[in-house]
Amino acid sequence: MRKLIVAGNWKMNTTVPEGVELAKAIVEKAKGLPAGVELVVAPPFTHLASVADVLKGSKVCLSAQNCADHEKGAYTGEVAVSMLTSIGCQYTILGHSERRQYYGETDEKLVVKTKLALEAGLKVILCVGENLDEREAGKHFDVVTAQTKNVLYHFTADDLKNVVIAYEPVWAIGTGKTATAAQAEEIHACIRSVIAEKFGAAVAEDMTILYGGSCKPSNAKELFAEKDIDGGLIGGAALKADDFLGIAESF
Ligand code: PEP
């Protein structure tokens, strides 16, 4: 059975007290959410321990936005997977386009990070997606196929049980431009076929594939109605509990 997930990427927003308040509001509102939809919040590293306390006993899961590509040691400014699991983190986002674009995150690095995360017992939300030039050049299927293969083909079908893919067209992130449901669906179906090609149809069928890019309560229903869209990775709208929950109620 495919899991439905709505994950909120807070990026570099909120102070710790603001983040704690936001988490409290999400936990409160999530009580009314039908079972079967998993909520995940991904605050900045500085917030994780405090937000973990707020989430205790709730159905909201905790995610980091990134992790180090080394286990431990002299890597100033980095955060290891063992540090994340030690405060109760269950997920980490990896390969967000902002990390690929501004911090030189490569597919090779993502293989290492994904391996470390899975070995530590963290689930991975792996982001893929084309930029505007690539879409305009008609290369979006090729880009997303390559990003998916370059990372996930290094893993086993068993590993994939703990991986969620987020398709995030870069041109739709934070721009207010959402991919149409049809545009998103055709890429999601493509990603699923890339998974099926190596791991078989059953593994592909079970894979949760999220859409991200200016998703909000007003467009989530149409997106989530598509057969290969299993939820969303939400940026801006994840910073308001009402909007975030409004999206989660759109299945
Ligand atoms: C994101 O960055 O993951 C994202 C989807 O952002 P937004 O919802 O703001 O477009």
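**Asp107 and its partners**

Modeller: Let's begin with a side-chain pair: Asp107 and Arg100 make a polar contact through their side chains, at 2.8 Å. Bear in mind that this is a predicted model.

Colleague: What makes the pairing of Asp107 with Asn150 a polar contact?

Modeller: The two side chains come to 2.8 Å, and the cut-off for such N or O pairs is 3.5 Å. Asp107 itself sits in helix H5. Beyond its neighbours within four places in sequence, Asp107 is in contact with Arg100, Ala146, Gln147, Asn150 and Val151.

Colleague: Why is Asp107 called buried?

Modeller: Its relative accessibility is 13%, and buried means under 20%, so Asp107 counts as buried.

Colleague: Which residues of H7 are buried, and what do they pack against?

Modeller: The buried ones are His140, Val143, Val144, Thr145, Gln147, Thr148, Val151 and Leu152. They pack against helices H4, H5, H6 and H8, and against strands E5 and E6.

**Salt bridges**

Colleague: What makes Lys11 and Glu98 a salt bridge?

Modeller: Their closest N and O atoms are 2.8 Å apart, and the limit is 4 Å, so the pair qualifies. Lys11 lies in the loop between strand E1 and helix H1, while Glu98 is in helix H4, so the bridge ties together parts 87 residues apart in sequence. A search of the whole structure finds 19 salt bridges.

Colleague: Why is Glu98 called partly exposed?

Modeller: Glu98 has a relative accessible area of 23%.

Colleague: Which parts does the pair of Lys29 and Asp242 tie together?

Modeller: The side chains meet in a salt bridge at 2.9 Å, N to O. Lys29 is in helix H1 and Asp242 in helix H11, so the parts joined are 213 residues apart in sequence.

Colleague: Are those two exposed or partly exposed, and how do you know?

Modeller: Asp242 has a relative accessible area of 53%, and exposed means over 50%, so Asp242 is exposed. Lys29 comes in at 36%, which makes Lys29 partly exposed.

Colleague: What about Lys113 and Glu105: buried or exposed?

Modeller: Lys113 is buried, at 3% relative accessible area, and Glu105 is buried too, at 6%. Their side chains meet in a salt bridge of 2.9 Å, N to O.

Colleague: Which residues are linked in a network of salt bridges?

Modeller: That network links Arg2, Glu185, Arg192, Glu205, Lys227, Asp228 and Asp230.

**Around the ligand**

Colleague: Which residues come nearest to the ligand?

Modeller: Of the 15 residues around the ligand, Lys11, His96, Glu168, Gly174 and Ser214 come nearest. A side-chain N or O atom of Lys11 is 2.5 Å from a ligand oxygen. His96 has a polar side-chain atom 2.7 Å from an oxygen of the ligand, and Glu168 has one at 2.7 Å from a ligand oxygen as well.

Colleague: Where is His96, and why is it called buried?

Modeller: His96 is in the loop between strand E4 and H4. Its relative accessible area is 4%, under the 20% limit, so His96 is buried. Not counting residues up to four places away in sequence, His96 touches Asn9, Lys11, Cys127, Glu168 and Ile173.

**The cores**

Colleague: How many residues are in the largest nonpolar core?

Modeller: It has 70 residues, and those with the most contacts inside it include Ile26, Ile195, Tyr211 and Phe244. A second, separate core of 13 residues includes Cys61, Val164, Ala166 and Leu233. In soluble globular proteins, nonpolar side chains tend to be buried together.

How values were computed:
Residues numbered from 1 in each chain as written. Predicted model: local features only at pLDDT ≥ 70, side-chain atom pairs only at ≥ 80, totals over all residues. Heavy atoms only, no water. Buried < 20%, exposed > 50% of the residue type's maximum accessible area, 1.4 Å probe, protein only. Helix = DSSP H or I, 4+ residues; strand = E, 2+ residues; numbered from the N terminus. Contact = heavy atoms within 4.5 Å. Core = buried A, V, L, I, M, F, W, Y, C linked by side-chain atoms within 4.5 Å. Near = heavy atom within 4 Å. Polar contact = N/O pair within 3.5 Å; in protein donor to acceptor, adjacent residues only side chain to side chain.
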